[in-house]
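Please view the sequence and the model together while reading.

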Amino acid sequence: MVHTGSFLAADGTWEHELLPSSRDDDWLARHRFTREEALRLAASSANDVVINGRTLAQWEQHFASRSEG
């Protein structure tokens, strides 16, 4: 998962994106995982990602309040 030039590592931390030619075996091992691991990481980190100043939860609340009116 990539967000504003950072990659989500298998341990759930965000790391600066390296140029492909600079990615050593250690870096690759931290950023390669199974589909199931990727889905778990994406779900657990979704609220860490801010888009236009809002997290996923804030966007959900925003759209819910608009549909109530």
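**Charge, fold and salt bridges**

In the protein chain, the mean position of the 7 positive charges and that of the 11 negative charges are 6 Å apart. Here Lys and Arg count as positive and Asp and Glu as negative, while His and the chain ends are not counted; each charge is placed at NZ of Lys, CZ of Arg, CG of Asp or CD of Glu. The model is predicted, so local features need pLDDT of at least 70 and side-chain atom pairs count only at pLDDT 80 or more, whereas totals for chains, interfaces and linings use all residues. Residues are numbered from 1 along each chain as its sequence is written, and side-chain values use heavy atoms, with hydrogens and water left out.

**Overall form**

- The protein chain has three helices and three strands, in the order β-β-β-α-α-α from the N terminus on. Helices (H or I, at least four residues) and strands (E, at least two) are DSSP runs, numbered from the N terminus.
- The radius of gyration of the protein chain is 15 Å, well over the 11 Å that the globule rule gives for 69 residues, so the chain is more spread out than a compact globule. This radius is taken over C-alpha atoms, and the rule is 2.2 Å times the number of residues to the power 0.38.
- Taken along the principal axes, the box filled by the C-alpha atoms of the protein chain is roughly 55 × 25 × 15 Å.
- T34 lies in the loop between α1 and α2 and is partly exposed, at a relative accessible area of 40%. T34 and Q61 are 27 residues apart in sequence, and their C-alpha atoms are 31 Å apart in space.

**Surface and contacts**

- Of the 69 residues of the protein chain, 16% count as buried. Buried means under 20% relative accessible area, exposed over 50%, and partly exposed in between (1.4 Å probe, protein chains only).
- The protein chain exposes about 5,200 Å², of which carbon and sulfur atoms supply 53%. Accessible areas come from the Shrake-Rupley method with a 1.4 Å probe; for residues, only the protein chains shown count as cover.
- Among contacts (heavy atoms within 4.5 Å) between residues at least 6 apart in sequence, 29% join residues at least 24 apart.

**Salt bridges**

- A search of the whole structure finds three salt bridges, each defined as a side-chain nitrogen of Lys or Arg within 4 Å of a carboxyl oxygen of Asp or Glu.
- E15 pairs with R30 in a salt bridge whose closest N and O atoms are 2.8 Å apart. Because E15 lies in strand β3 (residues 14–16) and R30 in helix α1 (residues 25–31), this pair ties together parts that are 15 residues apart in sequence. E15 is buried, at 18% relative accessible area, whereas R30 is partly exposed, at 27%.
- R30 also forms a salt bridge with D26, with 2.5 Å between the closest N and O atoms. Both R30 and D26 lie in helix α1, four residues apart, about one turn of the helix. Salt bridges that share partners join E15, D26 and R30 into one network.
- E17 forms a salt bridge with R23, the closest N and O atoms lying 3.5 Å apart. E17 is partly exposed, with 33% relative accessibility.

**A backbone feature**

- Most residues other than glycine have a negative phi. N52 has a positive phi of about 50° although it is not a glycine.
- N52 is found in the loop between α2 (35–45) and α3 (56–68) and counts as exposed, at 69% relative accessibility.
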